[in-house]
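Dear colleague,

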Amino acid sequence: MEIDGVDLGTTRNPATLARRFCPACGWSERSGRDATVGACPRCRAPGAADSGQLLTTLPFRRASAYASRELAMRDDDTDDRRRTRFTVLTTVATRPDDIMGTARELDGYPFGAEVLRTADIRWLNLGPSERGGATRMIAGQEVATPLFDTCIHCGVVPLAQRGVRERADARHRG
Ligand SMILES: [Zn+2]
Ligand SMILES: [Zn+2]
């Protein structure tokens, strides 16, 4: 199955949310389009204030495909099936109160363990890896962020459609 569109909601009730991400730690927060912050409230990184840290996100709810099952099965038998790789970043945000005790190093390993009472874990799909895109710092990691171009009317993602190279060639949903 290939997914070539997303549900953006309606103009009055959009499904998308603007969210601001810290370049240095796992903090992120819903944000108004025009809202500004001085620095990250968690780690004080001033870079959290940059406009590039504000992304339009679409929280995952469900996936659907319009292609018929037979078509999808026939497609899967052909050699031109595509495996699209996406850049997915995991962020973990927690509050200082939620850290229990101190972090422990594990003998003989380059990592340790820390117990958190609660944490917000998010998976961010930043777009198809092969498309490159502007580089951003999010949660201490430098990542290319091609993101997803979608039609604001029908939610189709033009470049996710088979054989489509130019946005103008996309097939839209009426
Ligand atoms: Zn931070
Ligand atoms: Zn459209």
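Strands are DSSP runs of E of at least two residues, numbered from the N terminus. This is a predicted model, in which local features need pLDDT of at least 70 and side-chain atom pairs count only at pLDDT 80 or more, while totals for chains, interfaces and linings use all residues. Residues are numbered from 1 along each chain as its sequence is written, and chains are lettered from A and ligands numbered from 1 in the order in which they are written.

L147, in the segment after β9 (141-145), has a positive phi near 55° although it is not glycine. It counts as partly exposed because 18 C-beta neighbours lie inside 10 Å; buried means 20 or more other C-beta atoms within 10 Å of a residue's own, exposed 12 or fewer, and partly exposed in between, with C-beta atoms placed from the backbone. R44, in the loop between β2 and β3, also has a positive phi, near 70°, and its 12 neighbours make R44 exposed.

Strands pair if DSSP finds at least two bridges between them. An open sheet of 3 strands runs in the order β2-β1-β3 with antiparallel pairing, and its edge strands, β2 (28-30) and β3 (54-57), each pair on one side only. Strand β1 (residues 17-21) meets β2 over 3 bridges, with R19 partnered by R30.

Strands β5 (residues 99-105) and β6 are antiparallel over 4 bridges, M100 being partnered by V115. Their hairpin has 6 residues between the strands, and G108 there takes a positive phi near 85°.

Best regards
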